[in-house]
Amino acid sequence: MTVEVTPGQQHESTRFESVVQAVRIPQPQGRPRWRPKRLAGDKGYSYPRIRTWLRKHGIEAVIPQRDDQRARHRGRPLKFNREAYRQRNVVERCIGWLKENRRVATRFEKLATNYLGMIKLAMIRRYLTEFPNRA
């Protein structure tokens, strides 16, 4: 997977395209597909720009509409796969686990490169704890 660090005042959705393009997911059978079939996000990712990008790349958007968008939306309601959205908890748990690492949660490192290094170090530590025989 991939990580990008943004300034604290910048919303993470501004880096959406670059993060998704950096992830490569090989498929075992048939023609390789390097992008996911569907992508889940919370209401903070409910932007026309993001939905259009996903549609262009053949990725199903599993993103609920924000309340203000639902009130202004005309035409057919947007499709929303509730079952797939429930699987998003895996990512939320991973972020919760990352926040248990004090240096990551408090952003003790002030330089972006150092902070990114701490995130990667925490992920390596997690991997080695979960899969000790693969190291």
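These questions and answers look at one helix and some salt bridges in a predicted model.

Residues are numbered from 1 along each chain as its sequence is written. In this predicted model local features need pLDDT of at least 70, side-chain atom pairs count only at pLDDT 80 or more, totals for chains, interfaces and linings use all residues, and side-chain values use heavy atoms, without hydrogens and water.

Student: Which residues of helix H2 are buried?
Tutor: Buried means under 20% relative accessible area, exposed over 50%, and partly exposed in between (1.4 Å probe, protein chains only). Helices (H or I, at least four residues) and strands (E, at least two) are DSSP runs, numbered from the N terminus. H2 spans residues 48-56, and its buried residues are Ile50, Arg51, Trp53 and Leu54.

Student: Why are they on the same side of H2?
Tutor: Take the directions from the helix axis to the C-beta atoms. The arc they cover decides the side, and for these residues that arc is only 160°.

Student: Which exposed residues does the face turned away carry?
Tutor: This face of H2 is turned away from the buried side. Its exposed residues are Pro48, Arg55 and Lys56.

Student: How many residues apart are arginine 38 and glutamate 60?
Tutor: Their side chains meet in a salt bridge (3.5 Å, N to O). Such a bridge is a side-chain nitrogen of Lys or Arg within 4 Å of a carboxyl oxygen of Asp or Glu. Arginine 38 is in strand E1 and glutamate 60 in strand E2, 22 residues apart.

Student: Is arginine 88 buried or exposed?
Tutor: Arginine 88 meets aspartate 42 in a salt bridge. Its relative accessibility is 16%, so arginine 88 counts as buried.
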